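Please look through the sequence and the model below, and then follow the questions one at a time. Each answer works towards the value or name that was asked for.

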Amino acid sequence: METNDSFIFSLKNGDDIQNSILSRVIRCSKALYYSNNLNIYGPWLGNYEFMMKSNVSNFSQDKECSCDYYPNSNCYERPIRKTTEGFSIVDYEVFEIIKKH
């Protein structure tokens, strides 16, 4: 899905809000992707900058989700994690912001 308004962020637990990371989309054509295989994949943002995956159809049960960052080929400004290790997700939220006319 193409958009120039998308962003991803990471809030750091227990840290000062100043340590949180905001990353805006820079390649609009690959801002958001939804796989045809919804039994394994959830929302996918950018070129692997944030990918939800679970081989058991439950993002909290295995550590298949990832946030990878490849300089010069990414769709978002900066990585939102310092590691590329897989992780699980207990809860997540997706928002759509609509401009009022």
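Contact means that heavy atoms lie within 4.5 Å. The model discussed here is a predicted one.

Q: Leaving aside its neighbours within four places in sequence, with which residues is Ser 10 in contact?
A: Ser 10 is found in strand S1, which covers residues 7–10. Its relative accessible area is 14%, and because buried means under 20%, Ser 10 is buried. Once the neighbours within four places in sequence are left aside, the residues in contact with Ser 10 are Ser 20, Ile 21 and Ile 80.

Q: How many helices and how many strands does the protein have?
A: Read from the N terminus on, the elements of the protein run β-β-β-β-β. The count is therefore zero helices and five strands.

Q: Which strands are the edge strands of the open sheet of three strands?
A: The open sheet has the order S3-S4-S5, and its pairing is antiparallel. An edge strand here pairs on one side only, and this holds for strand S3 (32–33) and for S5. The edge strands are S3 and S5.

Q: Which residue in S4 stands opposite Leu 32?
A: S3 and S4 pair in the antiparallel sense, and the pairing runs over two bridges. Across from Leu 32, the residue in S4 is Leu 45.

Q: How far apart in space are Gly 42 and Met 52, C-alpha to C-alpha?
A: Gly 42 is found in strand S4, and with 8% relative accessibility it counts as buried. Leaving aside neighbours within four places in sequence, Gly 42 is in contact with Tyr 33, Met 52 and Phe 59. Gly 42 and Met 52 are ten residues apart in sequence, while their C-alpha atoms are separated in space by 4.9 Å.

Q: Are the rings of Tyr 41 and Trp 44 stacked or edge-to-face?
A: A search of the whole structure finds five aromatic pairs. In the pair of Tyr 41 and Trp 44, the ring centres are 5.5 Å apart and the planes stand at 25 degrees. Planes under 30 degrees apart count as stacked and those over 60 as edge-to-face, so this pair is stacked.

Q: Is Trp 44 buried or exposed?
A: Tyr 41, at 21% relative accessibility, counts as partly exposed. Trp 44 has 15% relative accessibility, and because the limit for buried is under 20%, Trp 44 counts as buried.

Q: How many residues apart are Tyr 48 and Tyr 70, which form an aromatic pair?
A: The pair is edge-to-face, with 6.3 Å centre to centre and 85 degrees between the planes. Tyr 48 lies in the loop between strand S4 (41–45) and strand S5 (50–53), whereas Tyr 70 lies in the segment after S5. Tyr 48 is partly exposed with a relative accessible area of 33%, and Tyr 70 is partly exposed with 38%. The pair links distant parts of the chain, and its two residues are 22 residues apart.

Q: How many disulfides does the count come to?
A: A disulfide needs two cysteine sulfur atoms within 2.5 Å. The cysteine sulfur closest to that of Cys 28 is in Cys 75, at 9.3 Å, which is too far for a bond. Cys 65, which counts as buried at 0% relative accessibility, is in no disulfide, since the nearest cysteine sulfur, that of Cys 67, is 8.5 Å away. The count of disulfides comes to zero.

Q: What is the radius of gyration of the protein?
A: The C-alpha atoms fill a box of roughly 40 × 35 × 30 Å, taken along the principal axes. With 101 residues, a compact globule would have a radius of gyration near 13 Å, and the value for the protein agrees with this. That value is 14 Å.

Technical notes. Residues are numbered from 1 along each chain as its sequence is written. This is a predicted model: local features need pLDDT of at least 70, side-chain atom pairs count only at pLDDT 80 or more; totals for chains, interfaces and linings use all residues. Side-chain values use heavy atoms; hydrogens and water are left out. Rings of Phe, Tyr and Trp (its six-membered ring) pair if their centres lie within 6.5 Å; planes under 30 degrees apart count as stacked, over 60 as edge-to-face and the rest as tilted. Buried means under 20% relative accessible area, exposed over 50%, partly exposed in between (1.4 Å probe, protein chains only). Helices (H or I, at least four residues) and strands (E, at least two) are DSSP runs, numbered from the N terminus. Two strands pair if DSSP finds at least two bridges between them. The radius of gyration is taken over C-alpha atoms; the globule rule is 2.2 Å times the number of residues to the power 0.38.
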